[in-house]
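Here are a few notes to read with the model open beside you.

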Amino acid sequence: MPVKMQRLSVTEYLASHPQDINVTFSFPDGRQLGANKLLLSMACTVLEAMFSGNWQEDEVINLPDTNLEAFQMFTEILYSKEVDLSKADWLDLDQLYYLADKYMVEEIKEQITDCAKDNSTSGDTIISGWAYVWDGTVTAENLTMLGKC
């Protein structure tokens, strides 16, 4: 008989175990997200290189180019390798794609692109539309064309 255990997500765990938070990310709206350098470094070589420098444990890293929701989704994927993209809105997916590109996590980019293709009536249209979305030019027409994962 298999043993089933209820597990917290890493984000939930860190919220209840602040002693394991050793890096904080700050966003333009003033909100912050605590994280664990080791876990992020194991999943992302760019973050590993960033953290291997002279970072202090209590350092706050400002991320002026994204929002908390997208970065939290990004870290959840890095922590657990699994996030349901169907629950994300397209603006967060836009930011998630941007983060995956910025931090060189090709698997996330591929998953978002596959999700967009799967929900398109025309492969050419979706690729063209997605290019407009992920480069930051979001229009109602593009979002309507894309649909949702």
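1. Start with Met104, which is exposed, with a relative accessible area of 58%. That puts Met104 over the 50% cut-off for calling a residue exposed. Keep in mind that this is a predicted model. Met104 sits in the loop between α5 and α6, and its phi is positive, about 60°, although Met104 is not a glycine. I'd have a look at that spot.

2. Leaving out neighbours within four places in sequence, Tyr103 is in contact with Cys44, Val46, Leu47, Met50, Leu63, Phe71 and Phe74. Tyr103 is also among the residues with the most contacts inside the largest nonpolar core, along with Phe25, Phe71, Phe74 and Leu96.

3. About that core: it counts 32 residues. At least two residues each come from β1 (23-26), β2 (32-35), α3 (45-51), α4, α5 and α6 (106-118). Which element gives the most to this core? It's α4, with eight residues. As background, nonpolar side chains in soluble globular proteins tend to be buried together.

4. Now the packing of α4 (residues 68-80) on α5 (residues 90-102). Their axes come within 8 Å and cross at roughly 55°, so the two helices are oblique to each other. The crossing of α4 and α5 is right-handed. On the α4 side, the contact is made by Glu69, Ala70, Phe71, Met73, Phe74 and Ile77; α5 brings Asp92, Gln95, Leu96, Leu99 and Ala100. By class, that contact has eight nonpolar residues, one polar and two charged. Phe71, Phe74 and Leu96 take part in this contact, and these three also turn up among the core residues with the most contacts.

5. One more residue in α4 is worth a click: Thr75. Is Thr75 buried or exposed? Thr75 is buried, with a relative accessible area of 2%. Not counting residues up to four places away in sequence, Thr75 touches Leu33 and Leu40.

6. Finally, the whole chain. There are eight helices and three strands, and along the sequence they follow the pattern α-β-β-α-α-β-α-α-α-α-α. Of the 149 residues, 38% count as buried. Looking at contacts between residues at least 6 apart in sequence, 57% join residues at least 24 apart.

Key:
Residues are numbered from 1 along each chain as its sequence is written. This is a predicted model: local features need pLDDT of at least 70, side-chain atom pairs count only at pLDDT 80 or more; totals for chains, interfaces and linings use all residues. Side-chain values use heavy atoms; hydrogens and water are left out. Axes are lines fitted to C-alpha atoms, for helices over the stretch in contact, and angles run from 0 to 180 degrees between N-to-C directions. Helices (H or I, at least four residues) and strands (E, at least two) are DSSP runs, numbered from the N terminus. Angles under 35 degrees count as roughly parallel, over 145 as roughly antiparallel, 65 to 115 as roughly perpendicular and the rest as oblique. A crossing is left-handed if the near helix is turned anticlockwise from the far one by less than a right angle, and right-handed if clockwise. Contact means heavy atoms within 4.5 Å. Ala, Val, Leu, Ile, Met, Phe, Trp, Tyr, Cys and Pro count as nonpolar, Asp, Glu, Lys and Arg as charged, and the others, Gly among them, as polar. A nonpolar core is a set of buried Ala, Val, Leu, Ile, Met, Phe, Trp, Tyr and Cys residues joined through side-chain atoms within 4.5 Å. Buried means under 20% relative accessible area, exposed over 50%, partly exposed in between (1.4 Å probe, protein chains only).
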